Amino acid sequence: MLGSGARAAVGRVWAPVVTRLARAGVTPDTVTVVGTLGAIVGAVALIAHGVLFWGAFTVTLFVLLDMLDGALARARGGGSAFGAVLDSVCDRAVDAAVFGALVWWFTGAGDDRLLALLALLGLTFGVLTSYIKARAEGVGIPCDVGLVERTERLILVLTGTGLTGLGIPYAVDVGLWLLVVGGAVTVAQRIVAVHRGARGRALTPTAPAP
């Protein structure tokens with residue numbers, strides 16, 4: 001819903017940085033890995049230990065940095081198949097770190113099992129959302145629908161986490177509830193889209209296995 005617009009806005013802001021990185025010979029894969037590692041460290045070292053505002057802030061910075069990889073690939077003449085796979089894998093790793101850190105905090109010193117459950121559900125719906133699209137496209141069915149995609153997931157969870165860290169009550173509760181409901185709707189939307197797109201199609205032997 002917001003993904004393409006958000007990336008376009010971030011791309012305009014980072015355009016001068018992209019130009020400098022391209023001239024310096026920095027590769028998109030390097031940017032992807034640095035952004036991923038930074039976000040994971042921020043989640044594990046800060047969010048998991050209850051430093052919610054600075055954890056959310058740190059993760060957000062490195063997620064924005066990770067958005068540079070596509071622009072850098074274009075500036076260098078195009079990306080690679082490996083880079084595309086690496087980017088997707090790293091995105092899933094960051095998602096797991098953020099939600100895992102919240103689960104760790106809320107099942108420990110944060111002491112809120114309901115929020116821990118919501119964080120687990122948010123992660124689960126995020127994985128299902130990505131997996132449905134990957135499997136659908138693997139058999140030739142486009143699947144770009146969805147109320148809550150990765151950008152929206154991160155906005156909801158990081159904004160709620162950060163505001164809670166600033167002392168605003170129930171911010172993370174609201175963010176996680178919206179995420180879970182939106183995630184469930186998105187999974188349903190994609191299943192329906194695949195069902196419609198699969199009418200009259202036969203599964204070919206070359207389709208990738210799960």
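Predicted model: local features only at pLDDT ≥ 70, side-chain atom pairs only at ≥ 80, totals over all residues.
Trainee: Why is Arg150 called buried?

Mentor: Its relative accessible area is 15%, and buried means under 20%, so Arg150 counts as buried.

Trainee: What makes Arg150 and Asp91 a salt bridge?

Mentor: The closest N and O atoms of the pair are 3.4 Å apart. The cut-off is 4 Å between a side-chain nitrogen of Lys or Arg and a carboxyl oxygen of Asp or Glu, so the pair qualifies. Arg150 lies in helix 7 and Asp91 in helix 5, so the bridge ties together parts that are 59 residues apart in sequence. Asp91 is buried, as is Arg150.

Trainee: Why is Asp95 called buried, and what is Arg92 called?

Mentor: Asp95 has 5% relative accessibility, so it counts as buried against the limit of 20%. Arg92 has 30%, which falls between 20% and 50%, so Arg92 is partly exposed. The two side chains meet in a salt bridge of 3.8 Å, N to O. Both residues lie in helix 5, 3 residues apart, about one turn of the helix. Residues three or four places apart in an α-helix point the same way, because there are 3.6 residues a turn.

Trainee: What makes these bridges one network?

Mentor: They share partners, and in this way Asp91, Arg92, Asp95, Arg150 and Arg153 are joined. The whole structure has 6 salt bridges.

Trainee: How do you know that the length of helix 7 agrees with its residue count?

Mentor: Helix 7 has 16 residues, 150-165, and at 1.5 Å a residue should span 22 Å. Its end C-alpha atoms are 22 Å apart, so the two values agree.

Trainee: Why is Leu147 called partly exposed?

Mentor: Its relative accessible area is 36%. That lies between 20% and 50%, so Leu147 is partly exposed. Leu147 sits in the loop between helix 6 and helix 7, and belongs to a nonpolar surface patch that includes Leu114 and Trp177.

Key: Residues numbered from 1 in each chain as written. Heavy atoms only, no water. Helix = DSSP H or I, 4+ residues; strand = E, 2+ residues; numbered from the N terminus. Expected span 1.5 Å × (residues − 1). Patch = residues over 30% accessible without salt bridge, like charges linked within 9 Å, V, L, I, M, F, W, Y side chains within 5 Å. Areas by Shrake-Rupley, 256 points an atom, 1.4 Å probe, with all protein chains shown as cover. Buried < 20%, exposed > 50% of the residue type's maximum accessible area, 1.4 Å probe, protein only.
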